[in-house]
Amino acid sequence: MEKFRLIAPCHFGLESVLKREIQELGYDIVKVEDGRITFEGDESVICRSNVFLRTAERVLLLVGQFKAYTFDELFEKTKALDWERYIPADGKFWVTKASSIKSKLFSTSDIQRLVKKAIVEKLKAKYEVEWFTEEGNEYPIRVFLNKDEVTVAIDTTGESLHKRGYRKLTSKAPITETLAAALIMLTPWRGDRILLDPFCGSGTFPIEAAMIAANIAPGMNREFISEGFTNFIKKKSWYEAINEANDLINYDVKTDIQGSDIDGKIVRAARENAELAGVEHLIHFQQKPVSAVSHAKKYGFIITNPPYGERIEEKENLPSIYGDLGALYKHLDSWSAYVITSYDKTEECMGVQATKNRKIYNGMMKTYFYQFIGPKPPKRNRI
């Protein structure tokens, strides 16, 4: 059985969540590094990991890894890789991204140019041609250099995996779908527990939570560039992955997921996004400020992404916003709260010390995931 080795990038600080997801899919972990997991599996791995992974940014097919200290080494070692295994004679291929960290080769434009040239030379010899039409399927290539180790991979995803297909309308500072899912999965929340987002914006936290509760695979309603890799991935493998995802959905699950925001227009957008995701019946959205939010039940979860005050005119409002959030949390005295923000006075303004504080990079922005952990609910009596 043919094995493929894949790399899944993720947000820095959330590797443990992605690792757990990959293991639950049944694939073997090869390596865990900052911001990415390397794993392997059979032909199904490319299809299933794209369809099912909630917290990966994309899925890259590893072609090769090697050390390179000169451009000659980069060229020759790239050329030596088995490109004909993945790229057919009519394939369209280009180096879509190159990066270099602490390496002797640091010019990304030169790296891109040389890697493309090396692949062309290899395939010219293998296919005995002098010119490629590149009229077939697309095979975007990514190259990463870290401390002179070169990783060369083919992108199997296309548009980033955070593009679930449901978020047509967004708020000013939306959290990505992959980051929202990872943060929810980092908490003890489960689908039968209460979840409240008092700064819901375009609804990402509630929608991701509802999709988790109903077991809706995040990649069900979108396309992937590797659907065109028919030279080594059978169409049957994609059908099987989607059929598996469909069989696992539970639309009848009972939930208590709520989202609120002071902006009525953005609440309407959140409802529309939830409808596109197929979970509008699992979420209750309402327009209200955080100071007016309440809940009658115990042992729920606040999971939220409040304003950071990145704009100067918004900074002066942050103490009162976080003060209201702190008042809500204190009123819900048996609840837990999880807050992602870059605001450095979060605990001071909320008036409560976080149980844990985890550094998370939201894109290039350093943020903190404040975890205010409340009491566990009493164990239910088994009948």
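A residue is called buried here when its relative accessible area is under 20%. Keep in mind that the model is predicted.

Start with the cysteines. Cysteine 10 has a relative accessible area of 7%, so it is buried. Cysteine 200 comes out at 5% relative accessibility and therefore counts as buried too. On disulfides: a disulfide is a covalent bond between the sulfur atoms of two cysteines. The count for this model is 0 disulfides.

Next, a serine. Where is serine 226 found? It sits in the loop between α6, residues 204–213, and α7, residues 235–248. Is serine 226 buried or exposed? Its relative accessibility is 0%, so serine 226 is buried. Setting aside neighbours within four places in sequence, serine 226 is in contact with Ile46, Asn50, Thr156, Ile233 and Trp238.

Helix α2, residues 44–52, and α7 have axes that come within 8 Å and cross at roughly 35 degrees. The crossing is right-handed. On the α2 side the contact is made by Ile46, Cys47, Arg48, Asn50, Val51 and Phe52. On the α7 side it is made by Ser237, Trp238, Ala241, Ile242, Glu244, Ala245 and Leu248. Sorted by class, that contact has 9 nonpolar, 2 polar and 2 charged residues.

Helix α3, residues 71–79, packs against helix α4, residues 108–127, at an angle of about 40 degrees, and the axes are 8 Å apart. This crossing is also right-handed. From α3, the contact involves Phe71, Leu74, Phe75, Thr78 and Lys79. From α4, the residues include Ile111, Leu114, Val115, Ala118 and Ile119, along with Asp110 and Glu121. By class there are 8 nonpolar, 1 polar and 5 charged residues.

Last, the cores. The largest nonpolar core has 117 residues. Which residues have the most contacts inside it? They are Trp83, Ile87, Ile141, Val143, Ile154 and Val279. Helix α4 provides the largest share of this core, 7 residues. Taking valine 279 from that list, and not counting residues up to four places away in sequence, it touches Ile207, Ala210, Met211, Ile216 and Ala274. Another core lies apart, with 5 residues, including Ile7, Leu60, Leu62 and Ala153.

Terms used
Residues numbered from 1 in each chain as written. Predicted model: local features only at pLDDT ≥ 70, side-chain atom pairs only at ≥ 80, totals over all residues. Heavy atoms only, no water. Axes fitted to C-alpha atoms, helices over the stretch in contact; angles between N-to-C directions. Helix = DSSP H or I, 4+ residues; strand = E, 2+ residues; numbered from the N terminus. Left-handed = near helix turned anticlockwise from the far one by under 90°. Contact = heavy atoms within 4.5 Å. Nonpolar A, V, L, I, M, F, W, Y, C, P; charged D, E, K, R; others polar. Buried < 20%, exposed > 50% of the residue type's maximum accessible area, 1.4 Å probe, protein only. Core = buried A, V, L, I, M, F, W, Y, C linked by side-chain atoms within 4.5 Å. Disulfide = S-S within 2.5 Å.
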